[in-house]
Amino acid sequence: MKYKAIICDLDGTLLNENHTISEETKATIKKVVESGIKFVIATGRHHNDAISFKDTLGLDSFLITSNGAKVHDYENKEIISHNIPADLAVDLLKYNYDNRLHKNVYLDEKWYAETPLEEALEFHKESGFYHHITPFQSLIGSEITKFFFICEDEACISELEKQLRKQFQKGLNITLSLGSCLEIMREGVSKASAIEEVLKREGISLDETIAFGDGLNDLEMLSSVGEGFIMGNGSPRLKALLPNNKVIKSNSENGVAKKLQEIFLNNN
């Protein structure tokens, strides 16, 4: 089958260990796009953060962010928005969290955190998109695009995941982008749900699409497209859940570029 679209995660996938796009990857994507293939970024990052990578690649495409809670069109206009309703968000804002957790939310155009975390800013140095320090209590009454919690102790994140899944059995999609980062969106929101809407607008089927990812927030995406590739550095849980999906080279080895060259360029 001739593929017509590529959907790609950012962190741990398109971005290397320095959280940048390598020159090889840029050149490869440029050639693939020039051949008429659509390339769409689908990330857990905020729109105002991820757009810098779209611009770096010179992409003329939709942009899927906040794990599918937001989609912007070619002209950077928001066309899909699925926030967590305020009456459900309030329970998460008031929740008694472990003090070791770094607590964050995306609220439409802003990123709020209760305390600074310089290590997190390392991920966003390319875009310059930074958090505003705000107590969660001040956000009560607001719809929230996405909650995310970071802790270097992965056991802490695992315990939080277990507790939240037990308490919130409806209304939320709880997932992991990294072993150290738990993310929460509205129920039904995922990269896969946003991709389906975007592909309909492009007149492209899921079978005509390939995708790349490394985390559990890529699970639905990688299992719904024609072929979903897992990065060599991907989550062991993701690999176990998708045993039939091919594992490719890691992000530090330009795995996405190498696979794109193999599929789209080497036979030309």
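1. Ser66 has a relative accessibility of 1% and therefore counts as buried. In this predicted model, Ser66 is placed in the loop that links β3 (63-65) to β4 (70-72). Setting aside neighbours within four places in sequence, Ser66 is in contact with Thr43, Gly44, Arg45, His46, Tyr106, Thr145, Lys146 and Met185.

2. The loop between β3 and β4 also holds Asn67. Asn67 is buried, its relative accessible area being 1%. Its backbone deserves a remark: although Asn67 is not a glycine, its phi is positive, at about 55 degrees. Most residues other than glycine have a negative phi.

3. A second residue with this feature is Asn254, a residue other than glycine whose phi is positive and near 60 degrees. Asn254 belongs to the loop between α9 (236-241) and α10. With a relative accessible area of 15%, Asn254 is buried, since the cut-off for that class is under 20%.

4. The packing of helix α2 (residues 23-34) against helix α10 (residues 255-265) is described by an angle of about 25 degrees and an axis separation of 9 Å. The two helices are therefore roughly parallel to each other, as angles under 35 degrees fall in that class. The crossing of α2 past α10 is left-handed.

5. Which residues form the contact between α2 and α10? From α2 come Glu24, Thr25, Thr28, Ile29, Lys31 and Val32, and these meet Ala257, Lys258, Leu260, Gln261, Phe264 and Leu265 of α10. Sorted by class, this contact comprises six nonpolar, three polar and three charged residues.

6. The largest nonpolar core contains 48 residues, and the members with the most contacts inside it are Phe147, Phe149, Leu164, Leu182 and Ile184. For Phe149, neighbours within four places in sequence left aside, the contacts are Tyr97, Leu101, His102, Lys103, Phe136, Ile157, Leu160, Ser180, Cys181, Leu182 and Ile184. Another core, of 26 residues, lies apart from the largest one and includes Cys8, Ile41, Met231 and Val256.

7. Glu220 is located in helix α8 (residues 219-224). Is Glu220 buried, partly exposed or exposed? Its relative accessible area is 32%, so Glu220 is partly exposed. Not counting residues up to four places away in sequence, Glu220 touches Asn173, Ser190 and Ala192. Between the C-alpha atoms of Glu220 and Ser177 the separation is 13 Å, and the two residues are 43 residues apart along the chain.

Note on methods
Residues numbered from 1 in each chain as written. Predicted model: local features only at pLDDT ≥ 70, side-chain atom pairs only at ≥ 80, totals over all residues. Heavy atoms only, no water. Axes fitted to C-alpha atoms, helices over the stretch in contact; angles between N-to-C directions. Helix = DSSP H or I, 4+ residues; strand = E, 2+ residues; numbered from the N terminus. Parallel < 35°, antiparallel > 145°, perpendicular 65-115°, else oblique. Left-handed = near helix turned anticlockwise from the far one by under 90°. Contact = heavy atoms within 4.5 Å. Nonpolar A, V, L, I, M, F, W, Y, C, P; charged D, E, K, R; others polar. Core = buried A, V, L, I, M, F, W, Y, C linked by side-chain atoms within 4.5 Å. Buried < 20%, exposed > 50% of the residue type's maximum accessible area, 1.4 Å probe, protein only.
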